[in-house]
Amino acid sequence: MEQYTVTGMSCAACSARVEKAVSKVSGVTSCSVSLLTNSMGVEGAASEQEIIKAVEEAGYGAAPKRETSGGQKTAGKMEEDALKDKETPLLKRRLFASLGFLLVLMYFSMGHMMWNWPLPSFLAKNHVAMGLLQLLLTGIIMVINQKFFISGFKSLFHKSPNMDTLVALGSSAAFVYSTYALFAMTDAQVKGNAAGVMAYMHEFYFESAAMILTLITVGKMLEAKSKGKTTDALKSLMKLSPKTAIILRDGKETEVSIEEVKKGDIFLVRPGENIPVDGIVLEGNSAVNEAALTGESIPCDKTVGDTVSAATTNQSGFLKCEASRVGEDTTLSQIIQMVSDAAATKAPIAKVADKVSYVFVPAVIGIAVVTMIVWLLAGETAGFALARSISVLVISCPCALGLATPVAIMVGNGVGAKNGIMFKTAVSLEETGKVEIAALDKTGTITSGEPKVTDLIPAEGITEEELLLTAYGLEQKSEHPLARAVLEYAKEQNIDAPQIEEFQALPGNGLSGTWNQMPVWGGNYNFVSSKIHIPSNLKERSQELAEEGKTPLFFAKGDKMAGIIAVADIIKEDSAQAVRELKNMGIHVVMLTGDNERTANAIGRQAGVDEVIAGVLPDGKENVIRTLQKKGRTAMVGDGINDAPALTRADMGIAIGAGTDIALDAADIVLMKSRLSDVLAAIRLSRGTLKNIHENLFWAFIYNIIGIPLAAGVWIPIFGWQLNPMFGAAAMSLSSFCVVTNALRLNMLRIHDGSKDKLLKKPAKKQSAGRKMEPLNQEIINQIEETKEELKMEKTMQIEGMMCGHCEAAVKKCLEAISGVSEAAVSHEKGMAVVTMSQEVSNEVLTKAVEEKDYKVLSIQ
């Protein structure tokens, strides 16, 4: 998306016309204009010159957002100038100047007449002089606020009237009519017609013309100030990045500007300093506060090999790092760009307001003309009819309609960014709250994704420490994924590893060696039971552990059992609570996993999900999502890498635990932390934002629906209600301010508090969300079977040496990497792999791939 800065826009009608003009340019596929940030995002093959020309022909100005000096395009610097509040200071100066002259004008025009305030004798007796003074003061106020007239009449001449047109027409009409009345009064005074002089004196609307301009300026200033606050979150992010960095050049420390840092440079960060760019730690260790990017208040420990991100704070130790991502590639720059791009897109709900805004101003001008004609035909004076017409012009507010959605989207995105939740578009922010089904990938989403020791069951006569020592000694020389879990647990217990001699790793079977000249063994049940007798109580316990989704590892020492250590990919601390809260929201929760059904069901029970779909390969997840979508709006929550097809297919793709890799194309929402509770926070934020938009749109529509008939004088014959143009201008000036202020309330939304969660009001396509849905497992199985029938090419491999789910994953991965293999269904319990092929693959190729992973192929059929 190419971004442009647009100048000259004053209301929603302006942004709608710019958008329409650019959309007509050949080669433009999409165009989105933001009145809030005065920016425009354009996609397509159209040239820069054509786009700028289209904007200028519509009566506005445009310029591309340029790269910063030094050649490095930094999202923060690129956006900072665009978001800087340049309007408020200018409007303040205009307002104070206008108020100064308005107070003098009001003193002379109304103070003497209504409250008998003293006047100089020459003015008190000379009504023409009084009129000329009012004319002069009003003229000065009109010159001070000339922007309304330049912008308003320019847009009118381009046949694209906007809010400034309404203000300019209203105040101009009042000024011109008052000037006519002044000349008529002068003529009456020359002729000695005292009654005529007094009659025309009451036809002056100079103070109305001046008051309209001043009150609209007050509203514009309040609006500008409030609009500035909606981008506070984004501006605070931009301020985080240091302006300089200390890098090593020729062995010397040199302080350079951030734009001069290049990929591969070595930079130094001392305690208390902010990290300048993304990098990899080469030396040192420290606690780094990443709250600015992730919202996580607890510092992360960093050591050699770990990644660090720009704008995070080094709290304790000295770090020497190598720059890995600089300029626009840093995590901070990507976050800023993502929030900015989201603000530049349009939410579907905004389309209604845009359509209304496009025809709103011409319709209001038409109503004003009709109002004047009707009152003249009804026998009222020209002054009365003009006052009603002016009231219609100045009370109507297209700005409130145009700002209703973008201000809420901007504030919502800012709240998300502060909490490590990145919405890529306004659509994703609006639609996330409407999700009815949440499909959660098991590994890395519900579980931690790394095996951990869960149980130590020593045999009779053996202590836990002795069992752990036996396991530690054997596993420290193993490269199996489960071995790392045992090693980490032993290190946590501060145990020194014993020296194992004559160590042997038998692929897929187990480990053997000697300890203090005594044989020791470790591995699966089949391997260890072939060496010694395993007591029945341990065998039964191992089956119970397997039912719970854990992998039992058996260890023996000498001629007797040492015990069992159970290892499992455990669920995260917040997963069960997050699933409960999702269900409380009325969302049907499904867990997807490639694991066998027994392990999957065990994890599903712990997490409390509504449904478990097991044995699903990464490619098969897309088919599952497709089936779920028939039941209702579906969100897929995964790691964003293996789950990319499913994330893309889902109505809402949520990538969890992205960390610094936030530019995930497949996801609609990127969660920087690995907490499932952030999915709930995203849903609550979406629902809160949508509610806020509805409130804003209601206020904007109801204000105009009530205000315009009141201004036109519809209620005068019935209730005698009559609106002075000055009060109409005051109402107009406050309407946009109210909308923006309401949007700012989103900053107070408690997105991690589930106490006010509500069930979805809208039912799913087939049945109500949150109710028990028909299990989809059979549908998935049927789809897999149909696919197999179509392909007609299968081979069954008998494989020796697979011990656990991690072995299964290794065999699956190596087989599915072969060209022609579309799917491999592997079971370590059966020692079998069923390979489905889209083209012929030789047995030699299949065997070689498996045996390179240290497993033995017994046969292929």
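**Sheet and salt bridges**

Analyst: Happy to! Strands pair antiparallel in an open sheet of four, in the order E28-E29-E27-E30. Please keep in mind that this is a predicted model, where local features need pLDDT of at least 70, side-chain atom pairs count only at pLDDT 80 or more, and totals for chains, interfaces and linings use all residues. Residues are numbered from 1 along each chain as its sequence is written, and side-chain values use heavy atoms, with hydrogens and water left out.

User: Why are E28 and E30 said to stand at the edges?

Analyst: Strand E28 (821-827) and strand E30 (856-860) each have a single partner strand, so one side of each lacks a neighbour in the sheet. From one strand to the next, the twist averages 25 degrees.

User: Which helix lies across these strands, and at what angle to E30?

Analyst: That is helix H32 (residues 843-851), which lies across strand E27 (794-800), E28, E29 and E30 and runs at about 155 degrees to E30. Such angles, from 0 to 180 degrees, are taken between N-to-C directions of axes fitted to C-alpha atoms, for helices over the stretch in contact (heavy atoms within 4.5 Å).

User: How do you know that Arg270 and Glu253 form a salt bridge?

Analyst: The term asks for a side-chain nitrogen of Lys or Arg within 4 Å of a carboxyl oxygen of Asp or Glu. For Arg270 and Glu253 the N to O distance is 2.9 Å, so the pair qualifies. Arg270 lies in the loop between strand E7 (266-269) and strand E8 (278-283) and Glu253 in strand E6 (residues 252-257), so the bridge ties together parts 17 residues apart in sequence.

User: Arg675 and Asp678 also meet in a salt bridge. Why is one called buried and the other partly exposed?

Analyst: Buried means under 20% relative accessible area, exposed over 50%, and partly exposed in between (1.4 Å probe, protein chains only). Asp678, at 0%, is therefore buried, whereas Arg675, at 27%, counts as partly exposed. Their N to O distance is 3.5 Å.

User: How many salt bridges does a search of the whole structure find?

Analyst: It finds 23.

Technical notes: Helices (H or I, at least four residues) and strands (E, at least two) are DSSP runs, numbered from the N terminus. Two strands pair if DSSP finds at least two bridges between them.
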